[in-house]
Amino acid sequence: MFDKILIANRGEIACRVIKTARKMGIKTVAIYSDADRQALHVKMADEAVHIGPPPANQSYIVIDKVMEAIRTSGAQAVHPGYGFLSENSKFAEALAAEGVAFVGPPVGAIEKMGDKITSKKIAQDAGVSTVPGYMGLIEDAEDAVKISNQVGYPVMIKASAGGGGKGMRIAWNDEEAREGFQSSKNEAANSFGDDRIFIEKFVTQPRHIEIQVLCDAHGNGIYLGERECSIQRRNQKVVEEAPSPFLDEETRRAMGEQSVALAKAVGYASAGTVEFIVDGDKNFYFLEMNTRLQVEHPVTELITGVDLVEQMIRVANGEPLSITQDDVTLTGWAIENRLYAEDPYRNFLPSIGRLTRYRPPAETAAYTPGTAAGDAGDVVVRNDTGVFEGGEISMYYDPMIAKLCTWAPTRDAAIEAMRVALDSFEVEGIGHNLPFLSAVMDHEIFVKGEMTTAFIAEQYPEGFEGVTLPETDLRRIAASAAAMHRVAEIRRTKVSGRMDNHERKVGDDWVVSLQGVSFAVTVAADAAGSTVSFDDGSSIRVASDWTPGDQLAELTTDDAPLILKVGKITQGFRLRTRGADLKVHVRTPRQAELAALMPEKLPPDTSKMLLCPMPGLIVKVDVEVGQEVQEGQALCTVEAMKMENILRAEKKGIVSKINAAAGDSLAVDDVIIEFE
């Protein structure tokens with residue numbers, strides 16, 4: 001076995017590989033850019049080698065720099081993680097020339113399957129059902145429009161060397177095909193150094209289901225079930241689960257056997273994933289094969305008990321698989337939520353900054369990769385992360401902060417465990433998608449398992465605007481807030497020292513206002529908690545050990561658990577739970593009476609301005625001063641986190657001033673364009 005492995009990656013996946021290597025007794029080497037000098041993967045590794053400036057194209061994906069780090073460290077093998085150089089055949093060739101093992105598939109398999117165009121042709125030749133499309137290269141935007149019309153709208157414009165949602169656009173008409181081609185080409189060149197583009201039919205109402213395969217260099221190959229990855233935003237997976245709530249055993253077996261046959265046809269050896277689009281009748285169509293470890297691999301590990309990273313390392317060491325297809329059993333249910341540094345209230349645009357607070361829910365101590373989740377108890381919580389409290393979220397890399405996973409014997413139990421874990425996850429200092437993830441876990445379509453890849457677009461057509469909680473939940477929160485406020489008032493009175501008997505300073509009657517409604521309540525406290533009575537005669541029993549200053553409150557209301565993230569505001573709290581972000585005011589009846597008379601503060605008028613929605617770089621400005629623009633017209637393009645975002649006019653107007661030019665770096669809410 002290898003003595004030392006270099007991880008040619010960063011962030012959570014580098015940390016993930018280090019954990020398994022440590023379990024196997026293998027020393028690890030991290031590489032890092034200037035931006036990652038204090039990163040978690042650097043701290044976890046046995047050694048670390050600096051490789052250059054922050055931009056990936058000057059550090060992490062520069063093969064010569066990575067090779068020099070390998071020579072310096074004396075590493076015998078390299079695990080590439082995902083992204084960066086993981087599917088780069090030239091990197092694999094460079095390692096082979098140096099006599100260093102690549103913890104991944106052979107060069108030939110990378111070349112055949114890593115290129116989407118080539119892989120589709122191979123799949124077709126092997127008799128695999130594929131999505132209709134144009135497999136040749138697209139010369140220019142007008143050629144893209146012509147081909148799109150031949151294939152038939154809607155079409156998917158994709159980068160041949162793409163992945164992770166980069167270089168992908170859906171076009172429904174000629175104008176979108178023209179724009180999508182250029183944006184995909186630019187993103188592909190920036191992210192992969194390969195700007196080749198192809199077009200395929202976009203299958204409406206599809207489900208995205210993928211098969212995990214594992215092969216060795218001795219001709220053995222198995223599949224480890226499927227993963228449902230249908231909840232996506234901008235072609236980027238957000239929520240994954242295993243198994244799929246849609247497949248039956250017959251379809252699972254057919255997809256698995258076909259995936260293994262395809263892998264064997266190209267001499268595959270390592271962990272890999274074959275992705276399919278599945279329609280409502282369970283017809284499946286090959287999309288692509290990812291010749292690397294997938295971001296969502298933890299859910300497969302949780303239901304199979306197989307440590308995929310360990311298997312990859314053993315295969316790279318020349319060992320045959322120690323498990324057969326008959327050994328693979330799918331136990332229970334696992335769900336993964338990707339926590340991103342992006343603001344769901346600003347159309348999920350990237351957010352950067354310092355993590356002033358980062359407190360994930362406690363992981364299940366008994367669980368380690370390679371252990372059957374069922375052996376660790378009724379519920380498993382796993383959090384794969386590459387950040388820490390006080391760390392910086394950089395604009396140079398993918399905005400994923402963590403992958404939160406839960407396992408339970410049933411799907412319903414796994415979902416409930418995820419709800420609790422999300423409510424318990426504390427993140428402050430940056431915009432993040434925790435509220436959105438909580439909303440998805442409670443959404444009727446997801447709970448029923450009836451989602452398609454159009455879920456987010458269909459259920460949140462105007463973007464995510466938070467969660468409106470039902471009155472039953474509001475009553476629980478109001479009762480909790482009243483009980484907490486009473487505790488805070490007692491503490492405040494004690495500290496002031498104005499009376500010896502502080503209890504007399506705190507009243508029992510309060511008015512709790514939240515989400516546009518108010519409840520008049522009376523709080524009767526005792527040693528075990530509080531009984532909060534409403535003016536309609538109902539009451540709720542609240543118990544908790546929360547003390548003022550705690551930012552997480554774990555309560556029970558009528559014996560039902562309730563977890564609240566707590567922030568202090570004047571006359572109340574900012575409370576967050578189940579995707580809702582609530583300003584909760586707790587006032588005396590007289591204060592509430594006076595507050596109702598106060599005029600509402602209106603936000604400033606920015607209707608005649610185009611504000612930068614996220615920190616980013618202006619790629620181009622499409623208009624000029626004096627020009628009349630129409631609703632939906634492209635105004636400028638902003639690049640952030642390796643993604644291009646086209647900003648469009650919300651209504652007809654005339655440009656009066658342009659405050660930014662191509663190449664300018666802007667902060668959130670900087671004014672780009674002003675209108676008359």
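**Before you select**

This is a predicted model, in which local features need pLDDT of at least 70 and side-chain atom pairs count only at pLDDT 80 or more, while totals for chains, interfaces and linings use all residues. Numbering starts from 1 along each chain as its sequence is written, and side-chain values use heavy atoms, with hydrogens and water left out.

**Stop 1: helices 3 and 4**

Select residues 63-73 for helix 3 and 89-98 for helix 4. Helices (H or I, at least four residues) and strands (E, at least two) are DSSP runs, numbered from the N terminus. The two helices pack at an angle of about 30°, with axes 11 Å apart. That makes helix 3 roughly parallel to helix 4. Axes here are lines fitted to C-alpha atoms, for helices over the stretch in contact, and angles run from 0 to 180 degrees between N-to-C directions. Angles under 35 degrees count as roughly parallel, over 145 as roughly antiparallel, 65 to 115 as roughly perpendicular and the rest as oblique.

The crossing of helix 3 with helix 4 is right-handed. A crossing is right-handed if the near helix is turned clockwise from the far one by less than a right angle, and left-handed if anticlockwise.

Now show side chains. On helix 3, pick Ile63, Val66, Met67, Ile70 and Arg71; they meet Lys90, Phe91, Ala94, Leu95 and Glu98 of helix 4. Contact means heavy atoms within 4.5 Å. By class, this contact has seven nonpolar, no polar and three charged residues. Ala, Val, Leu, Ile, Met, Phe, Trp, Tyr, Cys and Pro count as nonpolar, Asp, Glu, Lys and Arg as charged, and the others, Gly among them, as polar.

**Stop 2: on to helix 5**

Ser89, Ala92 and Glu93 of helix 4 touch Val107, Ile110 and Glu111 of helix 5. That contact has three nonpolar, one polar and two charged residues.

Phenylalanine 84 is not a glycine, yet has a positive phi of about 45°.

**Stop 3: helices 12 and 13**

Jump to helix 12 (411-424) and helix 13 (434-442). How do they run, parallel or antiparallel? The axes come within 10 Å and cross at roughly 160°. The two helices are therefore roughly antiparallel to each other. Helix 12 passes helix 13 in a left-handed crossing. Ile415, Met418, Arg419, Leu422 and Asp423 in helix 12 meet Leu434, Leu437, Ser438, Met441 and Asp442 in helix 13. Six of these contact residues are nonpolar, one is polar and three are charged.

**Stop 4: the second largest cavity**

The structure holds five cavities of 30 Å³ or more. On a 1 Å grid over the protein atoms alone, a cavity is a set of points where a 1.4 Å probe fits but cannot get out, a pocket is an open set with protein on both sides within 12 Å along at least five of seven lines, and lining residues have an atom within 4 Å of a point. Grid points are joined across faces, edges and corners, and a volume is the space filled by probe spheres set on the points.

The second largest cavity holds about 100 Å³. Of its 13 lining residues, Leu434, Pro435, Lys565, Arg576 and Gly579 lie nearest its centre. Helix 13 gives the most, with three residues. The lining has four nonpolar, four polar and five charged residues.

**Stop 5: the second largest pocket**

Select Gln571, His585, Arg587, Ala595 and Met598, which lie nearest the centre of the second largest pocket. This pocket has a volume of about 280 Å³. Helix 17 gives the most to the lining, with four residues.

**Stop 6: two cis prolines**

Finish on the backbone. The bond from tyrosine 153 to proline 154 is cis, with omega near 0°. Another cis bond joins alanine 242 and proline 243, with omega about -5°.
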